[in-house]
Amino acid sequence: MNPMHTLHAFQTDDPRLTPIHAKVVAGERLSPEDALTLYRTGDILAVGWMANLVRERLHGDTTYFNVNRHINPTNVCVAACRLCAFGRKKDTDGSYTMALEEAFQTAASGYSEAVTEFHIVGGLHPDLPFQYFLDLVSGLKERFPQVHLKAFTMVEVAYLAKRAKLSIKETLEKMKAAGVDSLPGGGAEIFADRVRHIICDHKIDGSEWLDTARLAHQIGLKSNATMLYGHVENDEDRVDHLLKLRELQDETGGFQTFIPLAFHPDNTALEHLPRTTGMLDIKQIAVSRLVLDNFPHIKSYWQMMTPKIAQISLRFGADDIDGTVVEEKIYHDAGATTPQGMRRQDLERLIKEAGRKPFERDTLYRPVTRTETSVTVAV
Ligand code: V47
């Protein structure tokens, strides 16, 4: 435990938090009722204090970031999710699909030896064959062999499996053989059917998302997990989502990082909904850290949270701030006003000003060391 915690005593004006505090100090697992209480209390400082205790136990002051680039090969999508401002129907205004060469050029644009990860996600295209995605991955691997490919959400994997008439396991195996190194956490949204029917009716359901993640972990691919919050879900739905992830993580240990994503309503079919508040954003980070006791990392994704909230959340449970990103489309189509990318130095400054130690990681959390001329990942 950080010795500072012996100096700062825990205080709360909400007596419901006292037994939760005792569990957190003892390293005991929180119950669903505890999780609900954490969402419902107004004492954000007490919740943050507990989350910070867990965060510092696991990581001390270390705060992870990486140097990455997003690549979104197509925005054509059959799903038409109400939550999304990125997807377009085929041949409509603003729709695009990159030819493979174009995707390779995008990867190379602004590329420097510094990039250690390509984050690749896109729409569910009705015509692109599975081979396109395999060629995309193997082509990137060939051209950028040192870059980790974090590619395709569980939703894309399940869709491609259906189109290729393969099992999910075979699909994942082929992706892995082509060069996929791990999977991002998208498409999880909120697992509860009632909510999924409103925000993403045509996507795989929650149990299919979890089954796909299980299979990925079983064949040795690590993944992340996300939760989209701040739309039509309630506290029970959020708790249910976190507990389902905790349960699967007990079974596979294959999740690296949990990333709560704040809903951005602009240009979506849910535009009438208000944006999340700072209080909910911070609380979501802290509750995630406390409930997901078996997840090594909680990421406060600066693009979604804004750099200011992401920075503060480094004191409320988060140990990761994501990366340089370079070019972000999904939230910017939905009205995000954050920059599209951030320089390495800017991320380091945010972290240092929060009194934390920046730690450049690769996708698997191994340290990246740089000299003027080389980048080394300690394996
Ligand atoms: O699954 C879509 C979300 C996700 C909106 O694994 C929206 O390291 C807010 O998963 N408002 C994709 N969110 C992004 C994602 C991700 C991002 C950064 C890092 C990692 C990782 C994963 O974006 C989608 C969906 O939940 N999303 N539309 C919107 N309007």
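**Exercise 1.** Determine whether Pro184 is buried or exposed, and place Pro184 in the fold.

*Solution.* Pro184 has 2% relative accessibility, so Pro184 counts as buried (under 20% relative accessible area; exposed is over 50%, partly exposed in between; 1.4 Å probe, protein chains only). The model is predicted: local features need pLDDT of at least 70, side-chain atom pairs count only at pLDDT 80 or more, and totals for chains, interfaces and linings use all residues. Residues are numbered from 1 along each chain as its sequence is written, and side-chain values use heavy atoms, without hydrogens and water. Next, the position: Pro184 sits in the loop between β5 (182-183) and α9 (193-199). Helices are DSSP runs of H or I with at least four residues, strands runs of E with at least two, numbered from the N terminus.

**Exercise 2.** Which residues does Pro184 touch, not counting residues up to four places away in sequence?

*Solution.* A contact means heavy atoms within 4.5 Å. By this test the partners of Pro184, beyond four places in sequence, are His119, Val121, Lys150, Ala151, Phe152, Thr153, Met154 and Asn224.

**Exercise 3.** Where is Thr212, and what is Thr212 in contact with, leaving aside neighbours within four places in sequence?

*Solution.* Thr212 belongs to helix α10 (residues 206-218). Its relative accessible area is 2%, so Thr212 is buried. Leaving aside neighbours within four places in sequence, the contacts of Thr212 are Met154, Val157, Ala158, Ile168 and Leu172.
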